[in-house]
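Trainee: Can you walk me through this one? I'd like to get my bearings before I go further.

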Amino acid sequence: MRISKIKDNDIANGQGIVMSLWTQGCPHHCKGCFNPETWDFNSGREFKQEDLNYIIENIDKNNIKRNLSILGGEPLCSQNIDGVVDLCRRFKEIYPNKKIYVWTGYILENLNEAQNQILKYIDVLVDGKFEEDRKDLSLVMRGSNNQKIINVSNNNQL
Ligand code: SF4
């Protein structure tokens, strides 16, 4: 699994304040993508144990209660999926009540067996590629209106 960056305080991706992790590498190449620097599978850096420790130890840094958001790039592509599932599993072992939001260009109904593993650990999946001709800036947590917000854990609050 490769990552582009980790941001401690993000209010644009998820509900409330989240710590966000951008994975590196995306096979979708959506026209109008707002994050093309995350496409290259050779760029960014390898996700290491220190990164996991950083997330675990700093998720509530400065007494700010945060959830975790994982974006891309493509978190669920074959190059990243195992590392992302492992991160989500380990995060939830320690913080079962914190939410995990994941964005993917894949469609929920088309996820393969490896990709489906992530549904055991996350709370919200935002699925679908960004489609420029369906772009809608008024949408919450989405860029285009083909994308769906899926409440995986069936919590009332997203
Ligand atoms: S899936 Fe996301 S990161 Fe990948 S090209 Fe589309 S908008 Fe960009």
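Mentor: Words to start with: helices (H or I, at least four residues) and strands (E, at least two) are DSSP runs, numbered from the N terminus. This is a predicted model, where local features need pLDDT of at least 70, side-chain atom pairs count only at pLDDT 80 or more, and totals for chains, interfaces and linings use all residues. Residues are numbered from 1 along each chain as its sequence is written, and side-chain values use heavy atoms, with hydrogens and water left out.

Trainee: Okay, loops then. Where does Gly73 sit?

Mentor: Gly73 belongs to the loop between E4 and H2. A cis peptide bond links Gly72 to Gly73, with omega about 0 degrees.

Trainee: Which residues lie nearest the centre of the largest pocket?

Mentor: Phe34, Asn35, Leu71, Gly72 and Trp103 do, out of 30 lining residues. A pocket here is an open set of points on a 1 Å grid over the protein atoms alone, where a 1.4 Å probe fits, with protein on both sides within 12 Å along at least five of seven lines; lining residues have an atom within 4 Å of a point.

Trainee: What volume does the largest pocket have?

Mentor: About 530 Å³. That volume is the space filled by probe spheres set on the points, which are joined across faces, edges and corners.

Trainee: And how does the lining split by class?

Mentor: There are 13 nonpolar, twelve polar and five charged residues in the lining of the largest pocket. Ala, Val, Leu, Ile, Met, Phe, Trp, Tyr, Cys and Pro count as nonpolar, Asp, Glu, Lys and Arg as charged, and the others, Gly among them, as polar.

Trainee: Back to Trp103: is it buried or exposed?

Mentor: Trp103 is buried, because its relative accessibility is 13%. The cut-offs are under 20% relative accessible area for buried and over 50% for exposed, with partly exposed in between (1.4 Å probe, protein chains only). Trp103 is part of strand E5, residues 100–103.

Trainee: What does Trp103 touch?

Mentor: Contact means heavy atoms within 4.5 Å. Setting aside neighbours within four places in sequence, the contacts of Trp103 include Asn13, Leu71, Glu74, Val126 and Met141.

Trainee: Tell me about Met141. What is its phi?

Mentor: Phi of Met141 is near 60 degrees, a positive value in a residue other than glycine. Met141 sits in the loop between strand E6 (124–127) and E7, and at 11% relative accessibility it counts as buried. Asn62, in the loop between H1 and E4, also isn't a glycine and has a positive phi of about 60 degrees. But Asn62 is exposed, because its relative accessibility is 62%.

Trainee: New topic: how do H1 and H2 meet?

Mentor: The axes of H1 (residues 49–58) and H2 (residues 81–94) come within 11 Å and cross at roughly 35 degrees. Those axes are lines fitted to C-alpha atoms, for helices over the stretch in contact, and angles run from 0 to 180 degrees between N-to-C directions.

Trainee: Which residues do the meeting?

Mentor: From H1, Gln49, Leu52, Ile55 and Ile56 meet Leu87, Arg90, Phe91 and Ile94 of H2. By class, that contact has six nonpolar, one polar and one charged.

Trainee: And which residues of H1 are buried?

Mentor: Asp51, Leu52, Ile55, Ile56 and Asn58. Besides H2, these buried residues of H1 pack against strands including E1 (2–10) and E2 (18–23).
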